[in-house]
Amino acid sequence: MKILFIEQNTEIRQLYSIFIQSHFENVEVFESSSLAHSIEVIETMENIDLIIFDNLFSDGYGIQLINYLTKNKYQMPLLFFSEDDPKDCDGLENILKLNPKNRYLAKPTKPDEFRKYISDYILQSEALRPQEVKYYSFATVNLFRFNKSKCDIFIKLSEKKYIKVINKGENYSKQFIEKLIGKGVRSVYIFEDDYLQYNDDFLDFPFLEHDREALGNQELEDQVVTKQKSLHRIVQEVGFTEEAIKLAEDNVSRVESIVGSGQVLSSLLNQAREREDYVYEHSYIVAVIASKMAKDLEGDAVKARRKLISAALLHDITLEKPEHAMIDSLADDKISKFSKKEIEIIKNHPEKTAKLVEFSGGFTKDIVDIILHHHEDPKQTGFPKQIHPNLFSELDCIFIVAHKYVSLLYRYHFDPEKEDKIKIELKANFRSGFFRDCLQVLLKELERNKQAAA
Ligand SMILES: [Fe+2]
Ligand SMILES: [Fe+2]
């Protein structure tokens, strides 16, 4: 059991501390005279069971301690040990109501009375153990898509110690996230209460937002530059190497220049990219992964790769709302939240996009077909046409497996602990024929990268 004893008067503090420690086994008393040191003790000791304090510290008042504890959701019982009645102390008037276990003991008190209080407290200690603050974790890379949080964000230092890295309501930069990931911070945390408060099963991260207006011109420019970097980082986090990304990147620019020659497509692609949303981001990740898979699966890998990347960058380009692009299957629960009109938009986008790309004249029939088929699957449960498995080309298969994998990564928020779940789902989806070959290549690649990273 850990007790923090805050008292300015050294004699009183030492006297009572020695008294507690000599009468009770397994009790550690941490002494403090200032608020600053007390906070340090609370934060480094983890799980202080009881705080004994008077109203006056060397650097502040009781009210500041209460504010700190409330703000940081500490719930350990408090013993206000003072000559002053809490009713007469600024900010401490309601201290006994804050927690039913809080007590007031008038100072000076007879040692017996003090001992009785502590021993009662210790006897009930299990019941009194402060309720632990629970955290909700998510993969750090998810922060890249946003620049502002509606709640405090923490990183974990040890089993029970978390420190705040992003303040509620404050903007953060992609560079900052890059720095965190560079230091090996793969997961970040928010209070579970915050998570529950903002929980909305429609939005994946309702507590995060993208606040364009808060950015100045310079920052907007930086965002464009760092956008590509953060995409790299996301792909790397998934387990793809720098080399794989570089390979895709060269082709991405080639494809972009072809797209750029057709007005409609280029403005659509730019729109998606400038919005910094899911459409461009997941398209880019599909491009990298499909292109990497093609290297092991296709005889003419260079040609195949270029086609897959074209299809990846364009496949969802007619969807205006990122949440529409997030629907991978019509069986997805989230679809019930959309209006009939929106569901039609989702159902029709493969055909609409395929037609647009075909009419642009810059792309071959197999690219158009990949786009048309990107939501189909070998079990004939996809959309729009539930085509027969024999009708898929090899490129279709590679694309569908890569696209499914990327959808699952997003569904599970890039959480490394969900890797097995994702693999099981992929295996259930792609059991036979060339689909199975594609999946094996993907799984092998992931395994290889995992070993290289270890
Ligand atoms: Fe799509
Ligand atoms: Fe997509």
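This is a predicted model: local features need pLDDT of at least 70, side-chain atom pairs count only at pLDDT 80 or more; totals for chains, interfaces and linings use all residues.
Let me start with a pair of strands: β10, residues 153-156, and β11, residues 162-166, pair in the antiparallel sense over four bridges. Together β10 and β11 make a hairpin, with five residues between the two strands, and if you want one bridge to look up in the structure, take Ile153, whose partner in β11 is Ile166.

Now the overall picture. The protein chain contains 19 helices and 13 strands, and of its 454 residues 34% are buried. If we take the contacts in the chain between residues at least 6 apart in sequence, 72% of them join residues at least 24 apart.

Next, the sheet. Five strands form an open sheet with parallel pairing, in the order β2-β1-β3-β6-β7. Which strands are at the edges of this sheet? They are β2, residues 28-32, and β7, residues 103-106, each of which pairs on one side only. From one strand to the next, the twist averages 20 degrees. Within this sheet, I would look at β1, residues 2-6, and β3, residues 50-53, which pair in the parallel sense over four bridges; Leu4, for instance, has Ile51 in β3 as its bridge partner. Lying across β1 and β2 is helix α1, residues 10-23, which runs at about 175 degrees to β2.

Let me turn to the helix pairs, of which I will discuss two. In one of them, helix α12, residues 278-297, and helix α17, residues 394-411, have axes that come within 9 Å and cross at roughly 135 degrees. The crossing in which α12 passes α17 is right-handed. On the α12 side, the residues that meet α17 are His282, Ile285, Val286, Ile289, Ala290, Met293, Ala294 and Leu297, and on the α17 side they are Glu394, Ile398, Phe399, Ala402, His403, Tyr405, Val406 and Tyr410. By class, the residues of this contact between α12 and α17 divide into 13 nonpolar, two polar and one charged.

The other pair is helix α15, residues 340-360, with helix α16, residues 365-373, where the axes come within 7 Å and cross at roughly 165 degrees. Since angles over 145 degrees count as roughly antiparallel, α15 is therefore roughly antiparallel to α16. Here too there is a right-handed crossing, as α15 passes α16. The contact brings Pro350, Glu351, Thr353, Ala354, Val357 and Glu358 of α15 against Ile367, Val368, Ile371 and Leu372 of α16, and the residues of that contact are divided into seven nonpolar, one polar and two charged.

As background, most residues other than glycine have a negative phi, and most peptide bonds are trans. Where in this chain do we find cis peptide bonds? One of them joins Lys107 and Pro108, with omega at about 0 degrees, and Pro108 lies in the loop between β7 and α5, residues 111-123.

His413, which is not a glycine either, has a positive phi of about 55 degrees and lies in the loop between α17 and α18, residues 419-429. His413 is likewise partly exposed, because there are 14 other C-beta atoms within 10 Å.

Conventions
Residues are numbered from 1 along each chain as its sequence is written. Chains are lettered from A and ligands numbered from 1 in the order in which they are written. A residue is buried if 20 or more other C-beta atoms lie within 10 Å of its own, exposed if 12 or fewer, and partly exposed in between; C-beta atoms are placed from the backbone. Two residues are in contact if their C-beta atoms, placed from the backbone, lie within 7 Å. Axes are lines fitted to C-alpha atoms, for helices over the stretch in contact, and angles run from 0 to 180 degrees between N-to-C directions. A crossing is left-handed if the near helix is turned anticlockwise from the far one by less than a right angle, and right-handed if clockwise. Ala, Val, Leu, Ile, Met, Phe, Trp, Tyr, Cys and Pro count as nonpolar, Asp, Glu, Lys and Arg as charged, and the others, Gly among them, as polar. Two strands pair if DSSP finds at least two bridges between them. Angles under 35 degrees count as roughly parallel, over 145 as roughly antiparallel, 65 to 115 as roughly perpendicular and the rest as oblique.
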